[in-house]
Amino acid sequence: MKALKFLTAAAVAVAGFAGAAQSETIKVGLILPMTGPFASTGRAVESAAKLYMQQHGNKVGGHTIELVVQDDTGAADTTRRIAQEMVVRGGVKVLGGFGLTPLAMAAAPVAEQAKVPMVVMAAATSVITTKSQYIARTSFTLPQAAVGIAEWAPKNGIKSVVTMVSDYAPGIDAEKSFTEVFTRNGGKVVEQLRVPLANPDFSPFMQRVKDSGAGALFIFVPSGVGSAVMKEFQNRGLAEAGMKLIGTGDVVDDDILNQMGPAALGTVTSHHYSAAHDSAENKTFVSGYKALTGNRPNFMAVGGYDGMRLIYAAIEKAGGKVDGDSLIAAMKGMSWTSPRGPVSIDPETRDIVQNIYIRRVEKQDGELHNVEFDVIKDVKDPGKAKK
Ligand code: DHB
């Protein structure tokens, strides 16, 4: 009898909990490289996610959001272990972050098995979102970014190019998609160079670019590495030799652009975000980010900011349900005005659909900026179109 009473009380307690499910604490676990060579990416995504929460509070759809951030140091096995711990023991309902492609790839099976949504806020190889039904992305894809400059260059006097990319998945994506579109538009790729991702020495590669006699260098390096590229471009006298510098916007990363000096001036790139983007949403974002960090936001920051926004909006839309299936379903087709411009989540691929801007590095008010001068609207990831 006593046991039965206890059971009944327990059942009532459980029922009570179920009834009160509208006011859970929802843990969002960000896994990011906070130390190591790609720490700038981790810092940008974390700061912007915190900014979003500062501006929008921590209550959504009756729930309380708690942000948990862990450092994977840029090591894929660590990303995977943290992802597992977060969902198995940590009670994390949504995973986010993922600073590099290998790190996102390592976590994908965890999201798939645990049925936990995984919001990729930084990594940008096309294939990532195909690795689990639970992955959505708020960063970009390299084929999406590269298409803009590949179309612009041949129409603007650039007929022959050497490509130089970091030798890992996003670099290969950039090289392939740029070459395909540039060639289709009448351009010629005279040489394709791949530079190691770890501790790259750009100097011998720059000499080969100079010797090639091409009209321009197309470059992809991940966020944070652009300064080293600019230094060697300058040291080897490539600009003086008449070589133009083009690429995806990763090389002229807004948070380090201003320190790159005159070598960066005139670089034309295509990308989804510039801190100089002219909109009310972006002004609020840039001033908030500067107040929080003392820095300009870069494209990694906007991925973190929109990642949190997507998570908040999905929790709200799912109407109190916080299981993975409900949340990922809510994310599909979601659209909003980002600091970068209008965006949406493609319901088929769960990748972000966004404008790609053509920008030139110019000096404005004494600082170097990526000044947008043309736009291709609502670009879906071209990397998926062929599959
Ligand atoms: C990736 C990382 C970057 O820093 C970047 O600018 C683009 C892509 C990546 O590893 O996916």
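**Figure 1. The largest nonpolar core of the predicted model.** In this predicted model, the largest nonpolar core contains 103 residues. The members that touch the most others are Ile65, Met164, Phe178, Leu217, Ile246, Met308 and Ile311. Helix H11, spanning residues 299-317, supplies the largest share of this core, with 12 residues. Another core, of 19 residues, lies apart from the largest one, and its members include Val92, Val120, Ala123 and Ile135.

**Figure 2. Surroundings of Met308.** Met308 belongs to the group of core residues that touch the most other members. When residues up to four places away in sequence are not counted, Met308 touches Val28, Ala49, Tyr52, Met53, Ile65, Leu67 and Met121. One of these partners, Ile65, is itself listed with Met308 among the core residues that touch the most other members.

**Figure 3. The largest pocket.** The space in the largest pocket amounts to about 260 Å³. Its lining is made up of 17 residues, and Pro37, Phe38, Leu197, Ala198 and Asn199 are the closest to the pocket centre. By residue class, the lining of the largest pocket has 11 nonpolar and six polar residues, with no charged residue.

**Figure 4. The second largest pocket.** About 150 Å³ of space is found in the second largest pocket. Of its 15 lining residues, Lys244, Leu245, Leu265, Gly266 and Thr267 are the closest to the centre. Strand S10, residues 244-248, gives the largest share of this lining, namely three residues. The lining of the second largest pocket comprises 11 nonpolar, two polar and two charged residues.

Figure 5. The model has one cavity of 30 Å³ or more. The volume of the largest cavity is about 110 Å³. There are 17 residues in the lining of the largest cavity, and those nearest its centre are Gly99, Ala122, Tyr168, Pro222 and Met300. The lining of this cavity divides into 12 nonpolar residues, four polar residues and one charged residue.

**Figure 6. The six-stranded open sheet.** Six strands are arranged in the order S2-S3-S1-S4-S5-S6, forming an open sheet with mixed pairing. Strand S2 (59-60) and strand S6 (135-137) each have a single partner strand and stand at the edges, so one side of each is left without a neighbour in the sheet. Within the sheet, strand S4 (residues 92-97) and strand S5 (residues 118-120) run parallel and are joined by three bridges. Leu95 stands opposite Met118 of S5.

Figure 7. Lys115 is located in the loop that lies between helix H4 (101-114) and S5. Although Lys115 is not a glycine, its phi is positive, at about 55°. Lys115 is partly exposed, and its relative accessible area is 44%.

**Figure 8. The hairpin of strands S14 and S15.** Strand S14 (residues 352-364) and strand S15 (residues 367-379) run antiparallel, with 10 bridges joining them. Ile356 has Ile376 of S15 as its bridge partner. Two residues lie between the strands of this hairpin. Asp365 is placed in the loop between S14 and S15, and has a positive phi of about 50° although it is not a glycine. With a relative accessible area of 82%, Asp365 is exposed.

**Figure 9. Leu368 in strand S15.** Leu368 is a residue of strand S15 and counts as buried, at 4% relative accessibility. Apart from its neighbours within four places in sequence, Leu368 is in contact with Leu257, Asn258, Gly261, Ala264, Leu265, Arg296, Val361, Glu362 and Lys363. Among these contacts, Leu265 is also one of the residues closest to the centre of the second largest pocket. The C-alpha atoms of Leu368 and Thr349 are separated by 35 Å, with the two residues 19 apart along the chain.

**Figure 10. Asn282 in helix H10.** Asn282 is found in helix H10, which covers residues 280-293. The relative accessible area of Asn282 is 1%, and the residue is buried. Leaving out neighbours within four places in sequence, the contacts of Asn282 are Tyr273, Ser274, Ala275, Ala276, His277 and Pro339.

Methods:
Residues are numbered from 1 along each chain as its sequence is written. This is a predicted model: local features need pLDDT of at least 70, side-chain atom pairs count only at pLDDT 80 or more; totals for chains, interfaces and linings use all residues. Side-chain values use heavy atoms; hydrogens and water are left out. A nonpolar core is a set of buried Ala, Val, Leu, Ile, Met, Phe, Trp, Tyr and Cys residues joined through side-chain atoms within 4.5 Å. Buried means under 20% relative accessible area, exposed over 50%, partly exposed in between (1.4 Å probe, protein chains only). Helices (H or I, at least four residues) and strands (E, at least two) are DSSP runs, numbered from the N terminus. Contact means heavy atoms within 4.5 Å. On a 1 Å grid over the protein atoms alone, a cavity is a set of points where a 1.4 Å probe fits but cannot get out, and a pocket is an open set with protein on both sides within 12 Å along at least five of seven lines; lining residues have an atom within 4 Å of a point. Grid points are joined across faces, edges and corners, and a volume is the space filled by probe spheres set on the points. Ala, Val, Leu, Ile, Met, Phe, Trp, Tyr, Cys and Pro count as nonpolar, Asp, Glu, Lys and Arg as charged, and the others, Gly among them, as polar. Two strands pair if DSSP finds at least two bridges between them.
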